[in-house]
Amino acid sequence: MSGVVEELRAALGEGLVVTDPEVMEGYAHDEAEWAPYEGPVAVVRPRETADVAAVVRICADRGVPVVARGAGTGLSGAANSGRGWVVVSFERMNRVLAVDPVQQSATVQPGVVNDDLRARVSLDGLWYPPDPASSPWSTIGGNVSTNAGGLCCVKYGVTRDYVLGMEVVTGTGRVVRLGKTTAKGVTGYDLAGLMVGSEGTLGLVTEVTLRLVPLRTGVEHTVVGYFDSLTDAGRAVAAVSAAGVVPSALELIDRFCLQAVDEWKNMGLSAEGEVLLLARSDLPGESGRAEAERILECFEKERAVYAVRSTDEDEAEALFAARRLAYPALERLGPLLTEDVCVPKASVPTMLEAIERIGERFRTRIGNIAHAGDGNLHPLFIVPAGDEEAKERAQRAFEEIVDEALAMGGTVTGEHGVGLLKMRGAADELGPDVVAMHRAIKGALDPKGILNPGKVFV
């Protein structure tokens, strides 16, 4: 392994190659609790595409695995290193290269933080909709890797819907451009779309061109509903969809998560009921007020114990800030494993009921947050540190929730990716013929098998 380090230093210089074990430990894994990892042989922090291509060529020649890393906020283990791997961290490739107000697009390096991109394009009256809860920290490269979603995606779609084209380093170290920058284009296969959600197994993305939309103006209308049970809240979600309403956000937070936020930030959110639903309409003027009223009617019809259309914009923003804080608030309580199943919207109440039942059977504390409007549920497993028996129960509950989601016609991951944690479920979902197709594609683009091996499928 010392040979690959020496070759990397000779090609890139000392400043880009890190081998200090204490520093490398911080790059060895993402935020996925219980996903295994081991120490890399080196961390490379490239400044340009040529550096990335040089790393891949050297590693391909020596058969050394390479894993790409954004901000490390992932929750599936996709960015975890194996022993002796090379980690490529894109933290220094963090520039917005161009914003085109006429074409309504932006070209960025992978290390650009999601919220920083939003702030930059807003200066040109434009907006980048995908907004994972980690948007203040997660990077565009990481979002592309997992096809990240977020709070607005019930109406505006996920990362793949906004990727026009990209520059990629393949498993042989070749630099290619995929996709398009025009509004339309149907030449050849959608290889750029193939890269989105590939979790670093097909190539290292070094530049992305993203579609933008006009910046939203005006006041959003927020509807707040508290419910006595997850099932009642789930029925309200299904009712909103059945009414033909497409809110700009429809989020669920249970009392356990709200209490964790309250204890951390003293926001006073957990007093009204067992489950909170937050909905928004961003339609302008009277249309937005009317849509918010229809959502309110759905909440009341499905037994909300308290429901109201908020007239205080600051209060509404605080509620959505609490939704984003739920995960870090629970992390303060101990090791936290996050699920990421997605089910048909009509199945949301049944799936929430199943999660509650599974938690009781395995004697596992499960908190619930969700992008409920599109059926993307995030059960959160809290286990006392060092309690191996409780950890084993939680892992069994985790797998059973995957099976329940698949039985309902759902998927094992809506936005976090497969990584290491969902490979069994992904194989069940895809089936052997489709897994074989995945393997064939990977073999063509990564013939040496060095790009994030042993992830997603085996």
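Analyst: Happy to! Let's start with Trp127, which counts as buried because its relative accessibility is 7%, and buried means under 20% relative accessible area, exposed over 50% and partly exposed in between, with a 1.4 Å probe and protein chains only. This is a predicted model, where local features need pLDDT of at least 70 and side-chain atom pairs count only at pLDDT 80 or more, while totals for chains, interfaces and linings use all residues. Residues are numbered from 1 along each chain as its sequence is written, and side-chain values use heavy atoms, with hydrogens and water left out.

User: Why is Tyr156 called partly exposed?

Analyst: Tyr156 has a relative accessible area of 22%, so it is partly exposed.

User: How many aromatic pairs does the structure hold? And what makes the pair of Trp127 and Tyr156 edge-to-face?

Analyst: There are five aromatic pairs. Rings of Phe, Tyr and Trp (its six-membered ring) pair if their centres lie within 6.5 Å; planes under 30 degrees apart count as stacked, over 60 as edge-to-face and the rest as tilted. For Trp127 and Tyr156 the centres are 4.9 Å apart and the planes stand at 85°, so the pair is edge-to-face. Trp127 lies in strand S7 and Tyr156 in helix H6, 29 residues apart, so the pair links distant parts of the chain. Helices (H or I, at least four residues) and strands (E, at least two) are DSSP runs, numbered from the N terminus.

User: What makes the pair of Tyr226 and Tyr306 tilted?

Analyst: Their planes are 45° apart, with 6.4 Å centre to centre. Tyr226 is buried, with a relative accessible area of 5%, whereas Tyr306 counts as partly exposed at 38%.

User: How do you know that the charged end of Arg280 sits over the ring of Phe320?

Analyst: The charged end of Arg280 is 4.1 Å from the ring centre; the rule asks for NZ of Lys or CZ of Arg within 6 Å of the centre and within 35 degrees of the ring normal. Lys265 sits over the ring of Trp264 in this way, 4.4 Å from its centre.

User: Why do strands S1 and S3 count as edges?

Analyst: The open sheet has four strands in the order S1-S2-S4-S3, with mixed pairing. S1 and S3 each have a single partner strand, so one side of each is left without a neighbour in the sheet. Two strands pair if DSSP finds at least two bridges between them; S2 and S4, which run parallel, are joined by three.
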